[in-house]
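Please walk through this protein model with the coordinates open beside the text.

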Amino acid sequence: GRRRGYAIGLQSGADLMTLARQLSATIEEILMINGIPDGQVDIVAHSMGGVVARLALLEVSTLQRVHTLVTLGTPHAGTQIARLGGTHRCHDLRPGSPVMAALSVQLPWRGPTRLVCLWSPSDPIMQPAETAVVEGADGVVMAAHNHTDYLLRKSVWRVVHQSLHGESSHHWA
């Protein structure tokens, strides 16, 4: 039933909560433009985009609009490498930040939106690597993939396609 795909750019310099509100508004706009005001969308998000999507899902109205969220190398619990940056986004992506605390209310993941987390023990941006997985979500190990491989490798997009079509993946407990 998927007919269209949209690439959504995130506003440069905006904080993560502002980006989450913008994503929610964009979802509503997409549904209205396509004539499905009561419909749902699927989201595929890379890295920080997955955090933004989860922040948007804190709003019940947005949660009801998203059928499946597939994250690619997303620091769901923050990443130690964010300690090397001084921007407000880096501060938000640190373990224990207020943003990470806000996301913890979704744990363990229990829907109604299906969450699929693609992650790799070889991703140097995810420190520790398991930060890219959410308890209760479907976790898929993409062995020997680095942070940009999620965007470039056909093997990743095959898994994304399978995930969006409801095919089972490896559950992370």
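The paragraphs below go from strands to helices, then to charged pairs, loops and backbone details. The model is predicted.

Start with strand 1, residues 41–46. One face of strand 1 is covered and carries V41, I43 and A45. Strand 1 runs parallel to strand 2, residues 66–72, and six bridges join the two. At one point in this pairing, H46 stands opposite L72 of strand 2.

S47 is not a glycine, yet its phi is positive, at about 55 degrees. Is S47 buried or exposed? Its relative accessibility is 16%, so S47 counts as buried, since the cut-off for buried is under 20%.

Now turn to helix 7, residues 154–164. Its buried residues are V156, V159, V160, S163 and L164. Viewed down the axis of helix 7, these buried residues fall within an arc of 135 degrees, so they line one face of the helix. The face turned away from that buried side carries K154 and R158, both exposed. What covers the buried residues of helix 7? The cover includes strand 1, strand 2, strand 3 (114–119), strand 4 (138–141) and helix 6 (149–152). Just after helix 7, G166 takes a positive phi of about 80 degrees.

Next, the charged pairs. Side chains of opposite charge can pair when their charged atoms come close. The count of salt bridges in this model is three.

One of the salt bridges joins E28 to R65, with the closest N and O atoms 2.8 Å apart. E28 sits in helix 1, and R65 sits in the loop between helix 3 (60–63) and strand 2, so the pair ties together parts that are 37 residues apart in sequence. E28 counts as partly exposed because its relative accessibility is 28%. R65 has a relative accessibility of 15% and therefore counts as buried.

Another salt bridge links R114 and D138, and here the closest N and O atoms are 3.0 Å apart. R114 belongs to strand 3 and D138 to strand 4, so this pair ties together parts that are 24 residues apart in sequence. D138 is buried, with a relative accessible area of 18%.

D149 and R153 also form a salt bridge, with the closest N and O atoms 3.6 Å apart. D149 is buried, at a relative accessible area of 11%. R153 is partly exposed, at 34%.

Now the nonpolar surface. Which residues make the nonpolar surface patch of about 370 Å²? They are Y6, I8, L10 and I33. L10 lies in the segment before helix 1 (16–33). Its relative accessibility is 35%, so L10 counts as partly exposed.

G13 is also placed in the segment before helix 1. Setting aside neighbours within four places in sequence, G13 is in contact with H88 and R89. M142 is 129 residues from G13 along the chain, and their C-alpha atoms are separated by 30 Å.

G78 is another glycine to find. It lies in the loop between strand 2 and helix 4 (88–92). G78 counts as buried because its relative accessibility is 2%. Beyond residues up to four places away in sequence, G78 touches L93, R94, P95, M100, Q127 and T131. Take R94 from that list. G78 and R94 are 16 residues apart in sequence, but their C-alpha atoms are 4.7 Å apart in space.

Finish with the backbone. Q127, one of the residues that G78 touches, is joined to P128 by a cis peptide bond with omega near 0 degrees. P128 falls in the loop between strand 3 and strand 4. A cis peptide bond also joins L107 and P108, with omega about -10 degrees. P108 is in the loop between helix 5 (98–103) and strand 3.

A144 is a residue other than glycine with a positive phi, near 60 degrees. Its place is in the loop between strand 4 and helix 6. Is A144 buried or exposed? A144 is exposed, with a relative accessible area of 52%.

Definitions and conventions. Residues numbered from 1 in each chain as written. Predicted model: local features only at pLDDT ≥ 70, side-chain atom pairs only at ≥ 80, totals over all residues. Heavy atoms only, no water. Buried < 20%, exposed > 50% of the residue type's maximum accessible area, 1.4 Å probe, protein only. Helix = DSSP H or I, 4+ residues; strand = E, 2+ residues; numbered from the N terminus. Pairing = 2+ DSSP bridges. Patch = residues over 30% accessible without salt bridge, like charges linked within 9 Å, V, L, I, M, F, W, Y side chains within 5 Å. Areas by Shrake-Rupley, 256 points an atom, 1.4 Å probe, with all protein chains shown as cover. Salt bridge = Lys/Arg side-chain N within 4 Å of Asp/Glu carboxyl O. Contact = heavy atoms within 4.5 Å. Arc of directions from axis to C-beta.
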